[in-house]
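Welcome! Take a moment to look over the sequence and the model, and then let us explore the structure together.

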Amino acid sequence: MTQATDIARSRQGLYRFFGSALRYPDPAQLDVLRAAVSYLENMGMDDFAYYAAWRRFTDAFPSTLDSDALAVEYVRLFASGTDGALCPPIESFYVARAEGGGIAENMAALQRTYRELGLSTKAGGESPDHASAELEVLSVLCGREAERWSAEDLDEVARLLARQHMFLRTHLMAWFPQFRGKIAATGTDLFYPGVVEATYAFLVHDVDWTKAVLRNLEAGS
Amino acid sequence: MNITSVACRDPEHELDVLELPGLMVLDDLCTRPGRLADIEGADRLVLVLHDGDYVPAQIQKQTRTMGVDPVGVQIVRAQDAAGDPARLAVMIAGAQARGMAFTGAESEQVKPVIPTRLSRRSLLSFPQPIYEAVPKINTGVCAAGAGCRACVGECPQNSYRWIDGHVIFDKDACVSCGRCVTICPTGAIENATISGPAVRAQITAMVEAAPGPIGVAFLCTRRTQSVTADGWFGIEVPCASMVPGTWPVAALTLGAGAATMLACSATGCSLQHDEVVASKVAFGRTLAEAAGLDPDLIPVEATTTPATESSLDIALVDPFGVHGPRALIAALATRESDTTILFDHPASPLGVVEIDPATCTMCTMCSSTCPTGALQHVSTGDSLELTFDANLCTACNQCVPRCPEIDRGAIMLRRRVDTIGLEWGRSLVNQAETLACEICGKPVAPSVMMDRIGELLGNDFADTIDYLNRRCMDCRGL
């Protein structure tokens, strides 16, 4: 038996981890991520199917990787596209029509969703449709879910799970599979493909997990 | 690829069955799966466990921790060996071969199932989830874009929906019966726990490992009953109702002395697919008889000990694949002297499409929808031809509901095995003169179709029809 609170906390941590890993790297990022790997490993992840992808990622986590090399790779893959490998981790790139204000509409819809959740993106940070922002939103929702589990407020837990499920379906899972395909096609093997594969496995699982827990709550109420 | 076989030794169960070369034995493995952690270098696992003693979620967790994909772990029920070491050896050989044929499960191919708890208090903690394998659609092969919705019609749980040329799969509703996997005419639906090569490998290995003739019974992986009759062995599938009627005959070509499939709803299965299974067994028997074999090689019950090994000397590349039924039936017809196999059966995996030229308007809806290309249309300038190739027809019945003249009997699918039709290959089933544009000469439409439109619209639109008959869409300015 695992406490529901612990599972929600573990998911909160994983969303934050993947969100951080997909942000533009800063000098301290790799050390923080390495420390986070050890922390998350102790949170009972092996109960879940995404553990295999997580383990593949952590086993291949380059111990000698430095943040400069990572920054170069980040720009090459996600920003410049000068060698044809442009695959930005940005929702609007995949789902919005470039013409007719499609991108702005998509961004506005996301901002509205964030405001409804009491959230906003940091000035000067990643855009609201960036993977790291969307993953962080889910991390926050999981954190709130953990608190509600602790308070035994199951109605609010159900509402938060439904919110997570909907956000996953309508946002992240609407574009992340395509992003993942583009990353895989680049043939690069420096950090990011592993992160993306592990993130994808976790997202696929979390769509199912939120639904399964919701169903369980309905059956138990 | 390294496969390791490990058995649980439990004083409460038979000990002698475990004394087999190459079989690792761990005390109380069923209740202490953590003992597997001592095994190094295993890519695949075969576990001999005592049904009812182990918790599947714990086994899955432990194998996952070892880096072994739990979906590919083959669990052999020690009880099925009935205390016979030789029998257990055959079962393990089959499981090893099937485990080696496992090609991995993707993230989309499993779903978590959390045991339902009934008290509000118990909701605050979770038992370990168990993961069930679910199908995944290979969109590159799926023919939904052409209108195929065979999976939608077959799924007893309504897990599939067809929307605008796309099939939407509801993992949550799926109970993993596997019927979509074998009904899909293009082989686009895959379930990681079952594949044609894996089934073939398992049967072949069991036949080779057995000292005498064996029978194989396809049966549900969630079954509660065992196959313990002398000489009979179970081949687990997601649900017996997913097994095409040709599979037992295909098992005979691999050397099994008898083969069948067993329904299990009598033992409490909620899917209640007994009639489907019975119909497919009946098909297998009819096919065997029509091919000059003893129909009792496909018995209704797996009870009579198989007397001899199969003498059905047919080598097929993929007898359990999407084209397996056709290949098997064609081979049965030609194996000694040419035999004509011709019969209709509701469980036939092959079909014959019949077109009534008197009512068909050559609108090509049927051929445009046909996911396998069994029905095709070709324009030859001044005429349009509709052809049919029985070799490609999987009786998916996607063509018939699309026909706008279905009420007038323009098209019919016969669930028929007809080896003469297979020999003929592609043949013309209807043709019609094509009207030519009076301006550019391009084809306008089949004359019979325009006649039918005129008939439906009546005389009030005679001038419009006349105009449409004479001008192609480009020259009408559309």
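## A pocket and its lining

The lining of the second largest pocket divides into 22 nonpolar, nine polar and twelve charged residues. Here Ala, Val, Leu, Ile, Met, Phe, Trp, Tyr, Cys and Pro count as nonpolar, Asp, Glu, Lys and Arg as charged, and the others, Gly among them, as polar. This is a predicted model, in which local features need pLDDT of at least 70 and side-chain atom pairs count only at pLDDT 80 or more, while totals for chains, interfaces and linings use all residues. Residues are numbered from 1 along each chain as its sequence is written, chains are lettered from A in the order in which they are written, and side-chain values use heavy atoms, without hydrogens and water.

Among the 43 lining residues, A:Arg169, A:Asp208, B:Phe169, B:Asp170 and B:Lys171 are the closest to the pocket's centre. H9(A) gives the largest share of this lining, nine residues.

| Element | Chain and residues |
|---|---|
| Helix H8 | chain A, 154-186 |
| Helix H9 | chain A, 192-220 |
| Strand E5 | chain B, 110-113 |
| Strand E7 | chain B, 130-133 |
| Strand E8 | chain B, 136-137 |
| Strand E10 | chain B, 166-169 |

Helices (H or I, at least four residues) and strands (E, at least two) are DSSP runs, numbered from the N terminus. A pocket is an open set of points on a 1 Å grid over the protein atoms alone where a 1.4 Å probe fits, with protein on both sides within 12 Å along at least five of seven lines; lining residues have an atom within 4 Å of a point.

Now for a residue in helix H2 (residues 29-41) of chain A, A:Val32. Is A:Val32 buried or exposed? A:Val32 counts as exposed because its relative accessibility is 53%, and exposed means over 50% (1.4 Å probe, protein chains only). A:Val32 lies eleven residues from A:Ala21 in sequence and 9.7 Å from A:Ala21 in space, C-alpha to C-alpha.

Technical notes. Buried < 20%, exposed > 50% of the residue type's maximum accessible area, 1.4 Å probe, protein only.
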